Amino acid sequence: MSTLQELDRAYVAGTYARFPVELVRGTGSLVYDTEGKEYIDLGSGIGVTAFGFADETWKKAVTEQLGLLQHTSNLYYTEPCAKLAELLCTRTGLKKVFFANSGAEANECAIKVARKYAAEKKGAEYSTIITLKNSFHGRTLTTLAATGQEHYHELYQPLTPGFVHVEPGNLAALEQAVATHKVAGILIECIQGEGGVNVMDKAFVQGAAALAAREDIVFMVDEVQTGNGRTGALYAYMHYGITPDVVTTAKGLGGGLPIGAAMLGERVQNVLGFGDHGSTYGGNPVACAGAYSILSRIDGALLDAVKEKSAYLFKTFANAKGVKSVSGLGLMIGIETEKPAAEVVKACIARGVLCLTAKHKVRLLPALNIPMEQLKKAAEVILAVCAE
Ligand SMILES: *Cc1c(COP(=O)(O)O)cnc(C)c1O
């Protein structure tokens, strides 16, 4: 084992099973390790580096702000925070934004909004949040409770109470849960990312949104992974013809700096008042300046290119040797392989391609602007590994 790996093992909490790869620098979708080996990156730091590594435009926005102010606290106004909130609202039609530092924190905010809205309108006993089985909403004790995967829960009891999980795609089960519990909110992912790149069907998502509207329940969509152009729409909910009450996002929004956002729609825009919620780093000017530059570049042309690359990946992997199925939307792709996904990922690393897994699938979340020839080259490596 190298010195770096020994150092990391000695001093960094052992929560991650890292690959034996030591990354040093990158440009765009190419990244290099300590030995100078080049990799084509199809993971983008789990959907974070939306425009690749060390992207010039993003870097300029971030470093310019860094030279002005790196942090002020939320006691004062700063332009990057206000301008990013405005841009998020004009691009989505949602009304207000609360800034946090991660996906889990954005979801914490959404859950607080749902509970406060319900407590004020219907009474404090209306506190239940319904989420989906196989979902992923974060690692804090409350977002773990929201996460519909028992194996994450086992060692951390008691979790925040008041969460009920229903089968994804089963509208009758959702209706039953709403009839049984005193419900504040429904929280879903349009595509379950960590759960295995499972795309929710339109009828289910529209039915869930309509049910929530009818019952005056806060309808929340977790777009931490699906947001910011990832699926070929600015936000995945836009594929479904619905308007959520709350949309949370993070990952790709920051392009590599920590930021999370809970966007609040008309019905809940004024639920949070002075002192109801807060975050020391939330709305950090450097993170917001970077996010503004990212969001400004996610336009029609970029989304069309995402769809084109997506079509290429679907065409390439559907019916390929060693591939059982392909799922996903845009540049969020799950490939069910005959070999164990972890084995495929390992073999790809050896051949200079970085990809991810999600449950039993190989997951691809390349940078939105990955050049087509790099995407093709990487796809051919995965194809070859699957076919062997
Ligand atoms: C990654 C993820 C989260 C958690 O985000 P963190 O920034 O790691 O807290 C929440 N929800 C979804 C859908 C995610 O993919």
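Lys-116 counts as partly exposed because its relative accessible area is 24%, where buried means under 20%, exposed over 50% and partly exposed in between (1.4 Å probe, protein chains only). A quick heads-up before going on: this is a predicted model, where local features need pLDDT of at least 70 and side-chain atom pairs count only at pLDDT 80 or more, while totals for chains, interfaces and linings use all residues. Numbering runs from 1 along each chain as its sequence is written, and side-chain values use heavy atoms, with hydrogens and water left out.

**Salt bridges**

Lys-116 has a partner, Glu-120, and their side chains meet in a salt bridge with an N to O distance of 3.2 Å. The term stands for a side-chain nitrogen of Lys or Arg within 4 Å of a carboxyl oxygen of Asp or Glu. Side chains of opposite charge can pair when their charged atoms come close. Glu-120 and Lys-116 sit about one helical turn apart, because they are 4 residues from each other in helix H5. Helices here are DSSP runs (H or I, at least four residues), as are strands (E, at least two), and both are numbered from the N terminus. Glu-120 counts as exposed, so its relative accessibility of 56% sets it in another class from Lys-116, which is partly exposed.

Helix H3 (residues 56–66) holds another such pair, Lys-60 and Glu-64, with 4 residues, about one turn, between them. Lys-60 is exposed at 52% relative accessibility, whereas Glu-64, at 48%, is partly exposed.

What about Glu-167, which residue does it form a salt bridge with? That would be Lys-133, with the closest N and O atoms 3.8 Å apart. This pair ties together distant parts of the chain, 34 residues apart: Glu-167 is in the loop between E6 and helix H8 (171–180), and Lys-133 is in the loop between strand E5 (128–132) and helix H6 (141–146). Both ends are partly exposed, Glu-167 with a relative accessible area of 40% and Lys-133 at 37%. Then there's a network: Lys-121, Asp-216, Asp-245 and Arg-267 are joined by salt bridges that share partners. The count comes to 13 salt bridges, including these:

| Pair | N to O distance |
|---|---|
| Lys-60 and Glu-64 | 3.3 Å |
| Glu-120 and Lys-116 | 3.2 Å |
| Glu-167 and Lys-133 | 3.8 Å |

**Around the ligand**

Helix H5 turns up again here.

On the nitrogen side, a ligand atom is 3.2 Å from a polar backbone atom of Phe-136. On its own, the ligand exposes 380 Å², and the protein buries 82% of that. Those areas come from the Shrake-Rupley method with a 1.4 Å probe, and for residues only the protein chains shown count as cover.

**Buried spots and a surface patch**

Thr-231 counts as buried at 2% relative accessibility, and Ala-233 is buried at 10%. The side chains of Thr-231 and His-239 are joined by a polar contact of 3.0 Å. That term means a pair of N or O atoms within 3.5 Å; within protein, one must be able to donate a hydrogen and the other to accept it, and residues adjacent in sequence count only if both atoms are side-chain atoms. Ala-233 and Glu-64, 169 residues apart along the chain, have C-alpha atoms separated by 29 Å.

Out on the surface, Leu-141, Leu-155 and Tyr-156 make up a nonpolar patch, together showing about 350 Å² of accessible area. Patches use residues with over 30% relative accessible area and no salt bridge, joining like charges within 9 Å and nonpolar side chains (Val, Leu, Ile, Met, Phe, Trp, Tyr) within 5 Å. Leu-155 is in the loop between helix H7 (150–153) and strand E6 (163–166), and Leu-155 counts as exposed because its relative accessibility is 72%.
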